[in-house]
Amino acid sequence: RVEWPETGLAVSLEADGHFRFFVLYSPSATSSFFCFEPMSHRPNAHRDQRGGGLVRLQPLQTVTGTIALSVEDLASG
């Protein structure tokens, strides 16, 4: 859950088990934005000899997952 008191809003993210990892990026501690990226594997997993959570797919095979964002009004919560 991320809250923005100055806007009166909050966002919650729920993800299924396919998205056990994430990357959080902000250019600086005082930046006005950030990036939150749910991931199915560890960052830099292609170089991790333990696999890092990567799923090996056969040709035409897919993996799917679900991510849900919920926006809330802080005044009503």
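Good morning. I begin with a pairing of strands: E1 and strand E2, residues 9–15, run antiparallel to each other and are joined over 3 bridges. Within that pairing, Glu-3 has Ala-10 of E2 as its bridge partner. Please keep in mind that the model before you is predicted.

The pair belongs to an open sheet of 3 strands, whose order is E1-E2-E5 and whose pairing is antiparallel. Which strands stand at the edges of this sheet? They are E1, residues 2–4, and E5, residues 67–73; each has a single partner strand, so one side of each is left without a neighbour in the sheet. On average, neighbouring strands here are turned by 15° against each other, with direction ignored.

I turn now to the charged side chains. In general, side chains of opposite charge can pair when their charged atoms come close. In this model the count of salt bridges comes to 2. Arg-1 forms a salt bridge with Glu-3, with 2.8 Å between the closest N and O atoms. Arg-1 also meets Glu-72 in a salt bridge, at 2.7 Å from N to O. This second pair links distant parts of the chain, as Arg-1 lies in the segment before E1 and Glu-72 lies in strand E5, 71 residues apart. Taken together, Arg-1, Glu-3 and Glu-72 are linked in a network of salt bridges.

How accessible are these three residues? Arg-1 has a relative accessible area of 55%, and because the cut-off for exposed is over 50%, Arg-1 is exposed. Glu-3, at 44% relative accessibility, counts as partly exposed. Glu-72 is also partly exposed, with a relative accessibility of 29%.

My last topic is the largest pocket. As background, rolling a probe the size of a water molecule over the atoms shows where empty space is left. The volume of the largest pocket is about 180 Å³. Which residues line the largest pocket? The lining consists of Arg-1, Val-2, Trp-4, Val-11, Ser-12, Leu-13, Phe-34, Phe-36 and Leu-69. Sorted by class, this lining has 7 nonpolar residues, 1 polar and 1 charged. Both E1 and E2 supply at least two residues of the lining, and the largest share, 3 residues, comes from E2.

Thank you for your attention.

Note on methods:
Residues are numbered from 1 along each chain as its sequence is written. This is a predicted model: local features need pLDDT of at least 70, side-chain atom pairs count only at pLDDT 80 or more; totals for chains, interfaces and linings use all residues. Side-chain values use heavy atoms; hydrogens and water are left out. Two strands pair if DSSP finds at least two bridges between them. Helices (H or I, at least four residues) and strands (E, at least two) are DSSP runs, numbered from the N terminus. Axes are lines fitted to C-alpha atoms, for helices over the stretch in contact, and angles run from 0 to 180 degrees between N-to-C directions. On a 1 Å grid over the protein atoms alone, a cavity is a set of points where a 1.4 Å probe fits but cannot get out, and a pocket is an open set with protein on both sides within 12 Å along at least five of seven lines; lining residues have an atom within 4 Å of a point. Grid points are joined across faces, edges and corners, and a volume is the space filled by probe spheres set on the points. Ala, Val, Leu, Ile, Met, Phe, Trp, Tyr, Cys and Pro count as nonpolar, Asp, Glu, Lys and Arg as charged, and the others, Gly among them, as polar. A salt bridge is a side-chain nitrogen of Lys or Arg within 4 Å of a carboxyl oxygen of Asp or Glu. Buried means under 20% relative accessible area, exposed over 50%, partly exposed in between (1.4 Å probe, protein chains only).
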